[in-house]
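Hello,

Here is the structure I promised to pass on. Please open it next to this note; my findings follow below.

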Amino acid sequence: MIQQRSGRRWQSTEAHPAGGHLPSIATSTFLKPTPDVALRTPGLRYADQTGSDPTKEMVGRETRKMNMYQAVRDAIALSKDDTAVVFGEDVAFGGVFRCTMGLAEEFGRERVFNTPLTEQGIAGFGIGLASMGHTAIAEIQFADYIFPAFDQIVNEAAKFRFRSHGNFNVGKLTIRCPSMAVGHGGHYHSQSPEGFFMGAHGIKIVIPRSPIQAKGLLLSSIRDPNPVIFMEPKVLYRSSVEQVPMDDYEIELGKAETLTRGNDLTIVSWGTPVYHCETAMKMLSHPPPSLAPNVPASVRGAKIELIDLRTIMPWDVQTVAESVNRTGRLIVVHEAGRTGGVGAEIGAEIQKRCFLKLNAPVRLVTGWDTPVPMQYEKFYMPDPIRILDAVIETLNY
């Protein structure tokens, strides 16, 4: 009898896929799995583009399957600038995350080289190079280590053009740094410090979430007339894989990307949390049995607009405000702590611009106001369950 019962149970139990039933970064619908889809990515501007017809611009172009660190390397190698210099701790060896693999052999040790362990020195050296006309691409090994360079970035790089009345600039300076949580980095390797630089007027802050973005936004950053801090979510280096155009192209800085269209709620995020938002949206429309009792049937059909901000400074106020004026609700999701975070700035501005259209208070889903913990790091991050809870509460307000 026991054997019969266990046999029936075995036959009736569905084998769970290795990655689960919900979308993960690797299976995200936001990644471009085929060349045709990749070449049609909105906002791509090819360096050799001659017209405005995207169909004609696709003809003859090729793509290659890349993860994010390969796309970053491709962007640096495609800079096509004899004055470009790449430097940082362990950069000549390929870097901790392999983003500069082979560049020293390709471009020479005079242009790709290691520096001493001094973030203040790396930033100061980059400022000096850029002020003399070189294209300086500096790497801070982890975004958490950028704080010793804070004075050089905030007081020198950001104000260089201003204090010289426009006579001098360091617009050819790009500072790359792996950012955000990796799952086990703790308080010195998993921070999201982008919010600290929002008040440093004169620099731009860029955070890509995919290989296509990483290449296009990095090339735009390198060529932008302003100094740029380029923060790559380190957990996405290998987990996000898509087809990436081989040609030289850029993606406009300061312009957000609308990933899904909706009329009931706007979610704004950037970097890794974008994929947690995607999972939360899937949970809302098709809740797993364990969560179904907590997801009211009345909200499961809600149409959510998800916006990937991409550039944190300056952020795309117009796109977000237009969306919230239609949906009447806003949730901002980011990994950094809540107090003094980017979400607070976005919430304040949207509250001012869209006050009469809001049907619920602006909601923030963020990291906690503590140092990033080692043992419970995954509980620190805004996971899909917390995002789902905020969505339900906001829709039912």
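R98 sits in the loop between β3 (84-88) and α5 (103-107). Keep in mind that this is a predicted model. The phi of R98 is near 70 degrees, a positive value in a residue other than glycine. With 31% relative accessibility, R98 counts as partly exposed.

R310 also deserves a look. Its phi is near 65 degrees, again positive and again not in a glycine. R310 belongs to the loop between β13 (304-308) and β14. Buried or exposed, by relative accessible area? R310 is buried, at 5%.

Then there is a peptide bond to check. M313 and P314 are joined in cis, with omega at about 0 degrees. P314 is in the loop between β14 (311-313) and α12. As background, most residues other than glycine have a negative phi, and most peptide bonds are trans.

**Helix pairs**

Take α11 (residues 273-285) and α15 (residues 384-395) to begin with. Their axes come within 8 Å and cross at roughly 55 degrees. That angle makes α11 oblique to α15. The crossing is right-handed. From α11, the contact uses H276, C277, T279, A280, M283 and L284. From α15, it uses P384, I385, I387, L388, V391, I392 and L395. Which classes of residue make up the contact of α11 with α15? Eleven are nonpolar, two are polar and none is charged.

The other pair is α12 (residues 317-327) with α13 (residues 342-354). These helices pack at an angle of about 55 degrees, and their axes are 10 Å apart. They are therefore oblique to each other. This crossing is right-handed. On the α12 side, the contact is made by V317, V320, A321, V324 and N325. On the α13 side, it is made by E349, I350, R353 and C354. By class, the contact of α12 with α13 has six nonpolar residues, one polar and two charged.

A reminder for reading such lists: an α-helix has 3.6 residues a turn, so residues three or four places apart point the same way.

**Buried helices**

How many of the ten residues of α4 are buried? Eight are, so α4 is largely enclosed by the rest of the structure. The buried residues are M68, Y69, A71, V72, D74, A75, I76 and A77.

A77 is part of α4 (residues 68-77). Leaving aside residues up to four places away in sequence, A77 touches L103, E106 and F107. The C-alpha atoms of A77 and V372 are 34 Å apart, and the two residues are 295 apart in sequence.

In α7, the buried residues are Q152, I153, V154 and A157. What do they pack against? Their partners are α6 (119-131), α8 (160-163), β6 and β8 (228-233).

**Aromatic rings**

The structure holds ten aromatic pairs. One of them is F147 with F196. The ring centres are 5.3 Å apart and the planes are at 85 degrees, so the pair is edge-to-face. It links distant parts of the chain, 49 residues apart. F147 is in the loop between β5 (135-139) and α7 (150-157). F196 is in the loop between β6 (173-179) and β7 (204-206). F147 counts as partly exposed, at 29% relative accessibility. F196 is exposed, with a relative accessible area of 52%; the cut-off for exposed is over 50%.

F97, F142, Y145 and Y237 form one aromatic cluster.

**An exposed loop residue**

Q375 is in the loop between β16 (363-367) and α14 (377-380). Its relative accessible area is 68%, which makes Q375 exposed. Q375 and Q318 are 57 residues apart along the chain, and their C-alpha atoms are separated by 40 Å.

Best wishes

Conventions:
Residues are numbered from 1 along each chain as its sequence is written. This is a predicted model: local features need pLDDT of at least 70, side-chain atom pairs count only at pLDDT 80 or more; totals for chains, interfaces and linings use all residues. Side-chain values use heavy atoms; hydrogens and water are left out. Helices (H or I, at least four residues) and strands (E, at least two) are DSSP runs, numbered from the N terminus. Contact means heavy atoms within 4.5 Å. Axes are lines fitted to C-alpha atoms, for helices over the stretch in contact, and angles run from 0 to 180 degrees between N-to-C directions. Angles under 35 degrees count as roughly parallel, over 145 as roughly antiparallel, 65 to 115 as roughly perpendicular and the rest as oblique. A crossing is left-handed if the near helix is turned anticlockwise from the far one by less than a right angle, and right-handed if clockwise. Ala, Val, Leu, Ile, Met, Phe, Trp, Tyr, Cys and Pro count as nonpolar, Asp, Glu, Lys and Arg as charged, and the others, Gly among them, as polar. Rings of Phe, Tyr and Trp (its six-membered ring) pair if their centres lie within 6.5 Å; planes under 30 degrees apart count as stacked, over 60 as edge-to-face and the rest as tilted. Buried means under 20% relative accessible area, exposed over 50%, partly exposed in between (1.4 Å probe, protein chains only).
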